[in-house]
Amino acid sequence: CLFLSLIGNAREPGPSGKLFERLSSEAISQYLKGETLLFGYPSQKKVVDIAQILHETLIRELPPSDNDGGLDVVGWIPFKDQRPSQVVMLFQCAAGKNWESKLTQLSLQYWGSMISWKAPPCRGFTAPVIISDRDFDKKAYHGGVLLDRARIYKNTFSKIFQGNLKAELLTWVDSTISELTS
């Protein structure tokens, strides 16, 4: 997160952005003590998958021209009865230096036109920066529940990541350090 906050992700926006989404997903899962689903573009997942997994009602699919509709990670706290009406959060993740311009890209109203939520979802936003106390209220107003670098760290410190995320993060950091020092 520190490197992304300093240099952005212009070097490899796709892969580094996806890596940040995966890290954000781990932090969101820990925060909610629930489940997460990666959705951001490009994704193998479709809106119908979100609706089925969360036991909600599909209204329509996302138009292909809308890529991911501003949605990168879905987080929820499921009930064991597998019925809808649960805590659901929709997150936009922004790894680049232009993160502030993405604070308002995720529209709950837009996502309500695709999935009939039994309980309205909350909006959230992750960024690899530290959001100052001075700016926090304004950014939270626009982005919803904020997970900045400090919150991401707190929710992932000493956590065992799913799959090979830790190895991929270390490889990315090593590669970034090599490029910066050469």
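**Fold, surface and helix faces**

The protein chain exposes about 10000 Å², and carbon and sulfur atoms supply 55% of that area. The model is predicted.

Biologist: Which radius of gyration does the protein chain have, against that of a compact globule?
Modeller: The C-alpha trace spans about 50 × 35 × 30 Å along its principal axes. For 182 residues, a compact globule would come near 16 Å. The protein chain agrees with this, at 16 Å.

Biologist: Which pattern do the helices and strands follow along the sequence?
Modeller: The protein chain has 7 helices and 7 strands. Read along the sequence, they give α-α-β-α-β-β-β-α-β-β-α-β-α-α.

Biologist: Is Leu 6 buried or exposed?
Modeller: Leu 6 lies in helix H1, and helix H1 (residues 2-7) supplies 3 residues, the largest share of the nonpolar patch. That surface patch is formed by Leu 2, Leu 6, Ile 7 and Leu 180, with about 380 Å² of accessible area together. Exposed means over 50% relative accessible area. Because its relative accessibility is 54%, Leu 6 counts as exposed.

Biologist: Within what arc do the buried residues of H6 fall?
Modeller: In helix H6 (residues 149-156), the buried residues are Ile 152, Asn 155 and Thr 156. Seen down the axis of H6, they line one face of the helix, because they fall within an arc of 90 degrees.

Biologist: Which exposed residues does the face of H6 turned away from its buried side carry?
Modeller: An α-helix has 3.6 residues a turn, so residues three or four places apart point the same way. On the face of H6 turned away from the buried side, the exposed residues are Tyr 153 and Lys 154.

Technical notes
Residues numbered from 1 in each chain as written. Predicted model: local features only at pLDDT ≥ 70, side-chain atom pairs only at ≥ 80, totals over all residues. Heavy atoms only, no water. Patch = residues over 30% accessible without salt bridge, like charges linked within 9 Å, V, L, I, M, F, W, Y side chains within 5 Å. Areas by Shrake-Rupley, 256 points an atom, 1.4 Å probe, with all protein chains shown as cover. Salt bridge = Lys/Arg side-chain N within 4 Å of Asp/Glu carboxyl O. Helix = DSSP H or I, 4+ residues; strand = E, 2+ residues; numbered from the N terminus. Buried < 20%, exposed > 50% of the residue type's maximum accessible area, 1.4 Å probe, protein only. Arc of directions from axis to C-beta. Rg over C-alpha atoms; globule rule 2.2 N^0.38 Å.
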